[in-house]
Amino acid sequence: MNGLWITGAVVLALFLLGQLRLGGEVRYHPGEVGIWLRVSGVPIRLYPRKKKKEPDRVSKKERKARPKKPKKPKEPGPPWTAERVLDLVKRVLPLIGEAAGKLRRRIRIDVFHLDVLLGGEDPGDTAMAFGRVNASCGIILPVLEQNFRCKDNRVRTAVDFERENTEVRLTLALSMTLGQLIGFGLWCGYAAWKVWKETTGGLMSNKGPQQKEAVKYGN
């Protein structure tokens, strides 16, 4: 009899834990990249993590006396251009949408803001890139709206021929229960990782006296 009570209590605890509402936020702005987890409205920063201070075990004189090891120069990775970011989003979103099909209308996207301001050295290449970016943006919102409950969606694009580089701003905030999160992650995690590896292995580049009016999608 006690075993049945214990089993029932464990099942109930797991059920209640699975109903715990979680939220996540990803922010990619120029000079700022961050990932947050929200548990019952309390934000927990996941990336970048705060650096822990190492205990002062060695005296300052000993530190100065020790020879410093030369640091190996890190090889710079391929730059994150607007086309490269949008290509990654365009390839991952169908996988996420397929995974969310079973959880449709349960996962809520609270905020999805994507702003792309294109620039480059060559006006012709910049104009062509602007067209490709708008075509990609036209795919993003329908995938989101068909598979999720969306509250605040917005995609804006613009081109400035006087700029030498491209600026991308992305803010994504969503919420779901813990049980939904586990099922969602198991379903599409591996597939999304494969797409990420394939996309980050490639390299795209955009080559920018007028600023074209922004094209706005969504609310």
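Which residues touch the most other members of the largest nonpolar core? They are L86, F112, L114, V116, L118, I140 and L144, in a core of 26 residues. The model is predicted: local features need pLDDT of at least 70, side-chain atom pairs count only at pLDDT 80 or more, and totals for chains, interfaces and linings use all residues. Numbering starts from 1 along each chain as its sequence is written, and side-chain values use heavy atoms, with hydrogens and water left out.

**Nonpolar core**
- A nonpolar core is a set of buried Ala, Val, Leu, Ile, Met, Phe, Trp, Tyr and Cys residues joined through side-chain atoms within 4.5 Å.
- The largest such core has 26 residues. Two or more of them come from each of α3 (82-100), β4 (108-118), α4 (123-147), β6 and β7.
- Helix α4 supplies the largest share, eight residues.

**Overall build**
- The protein has five helices and eight strands. These are DSSP runs numbered from the N terminus: helices are H or I, at least four residues, and strands are E, at least two.
- Their order along the sequence is α-β-β-β-α-α-β-α-β-β-β-α-β.
- Of the 219 residues, 32% are buried. Buried means under 20% relative accessible area, exposed over 50%, and partly exposed in between (1.4 Å probe, protein chains only).
- Areas come from the Shrake-Rupley method with a 1.4 Å probe; for residues, only the protein chains shown count as cover.

**Helix α3**
- L88 lies in helix α3. L88 counts as buried because its relative accessible area is 13%.
- L88 and K197 are 109 residues apart in sequence, yet 9.9 Å apart in space, C-alpha to C-alpha.

**Surface patches**
- Patch residues have over 30% relative accessible area and no salt bridge; like charges are joined within 9 Å, nonpolar side chains (Val, Leu, Ile, Met, Phe, Trp, Tyr) within 5 Å.
- A salt bridge is a side-chain nitrogen of Lys or Arg within 4 Å of a carboxyl oxygen of Asp or Glu.
- V26, V33, I35, V42, I44, L46 and Y47 make a nonpolar patch of about 550 Å².
- Strands β2 (32-39) and β3 (42-47) each give at least two residues to this patch. β3 gives the most, four.
- I35 sits in β2. Its relative accessible area is 34%, so I35 is partly exposed.
- E121, D122, D125 and E164 form a negative patch. Asp and Glu count as negative, Lys and Arg as positive; His and the chain ends are not counted. Each charge is placed at NZ of Lys, CZ of Arg, CG of Asp or CD of Glu.
- E164 is in the loop between β6 (153-160) and β7 (167-177). E164 counts as exposed because its relative accessibility is 70%.
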